[in-house]
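Let's take a walk through this one together. Have the sequence and the 3D view open side by side as you read.

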Amino acid sequence: MDVPDLFSTIDAPRTALRRQKRDSLTPPGGLLAVRTKDASVHPPGDPVMSGALRVAKGRGDIITSGREGYSGDGVHSSTSQHYTGTAIDVRYAPRRAEQIAAYARLGYVVIPESTHLHIQAYPVTA
Ligand SMILES: [Zn+2]
């Protein structure tokens, strides 16, 4: 007996609507079209971070810190890669292990902090 696939028929319009909503939230503009906490966040310009920005964009992770400030402003440690444009912070997603793996598999150094995930291009130097 041929059983009609009722579920795919029911879900199809909803899935299409979801996709449409998601697409309409994605602004044009390539790599800079990432979600940030607010306008104070400047995504890093160093090309070494383009992979991390692509992951953040694809996952919908919210960047809470990029390349802001200057060494000595007390926001990050003085040797922080945020100041050289080679680090970002993102808000934790519900599935942390999956989130960490998404960045780590591209070779980024991923450091879980208490309130956010820190992602940088190069290993920590002493
Ligand atoms: Zn950080």
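Four bridges join strand S4 (residues 109–112) to strand S5 (residues 117–120), and the two run antiparallel. Two strands count as paired if DSSP finds at least two bridges between them; strands themselves are DSSP runs of E, at least two residues long, and helices are runs of H or I, at least four long, all numbered from the N terminus. S4 and S5 make a hairpin, with four residues between them. Look across it and you'll find Val-109 opposite Gln-120 in S5.

A quick word on what you're looking at: this is a predicted model, where local features need pLDDT of at least 70, side-chain atom pairs count only at pLDDT 80 or more, and totals for chains, interfaces and linings use all residues. Residues are numbered from 1 along each chain as its sequence is written, and side-chain values use heavy atoms, with hydrogens and water left out.

Now hop over to Asp-61, in the loop between helix H2 (50–59) and strand S2 (62–65). Asp-61 is buried, at 5% relative accessible area (buried is under 20%, exposed over 50%, partly exposed in between, with a 1.4 Å probe and protein chains only). Beyond its neighbours within four places in sequence, Asp-61 is in contact with residues including Arg-35, Val-90 and Tyr-103, contact meaning heavy atoms within 4.5 Å.

Helix H2 also holds Ser-50, which is partly exposed at 22% relative accessible area. The C-alpha atoms of Ser-50 and Thr-86 are separated by 9.6 Å, though the two residues sit 36 apart along the chain.
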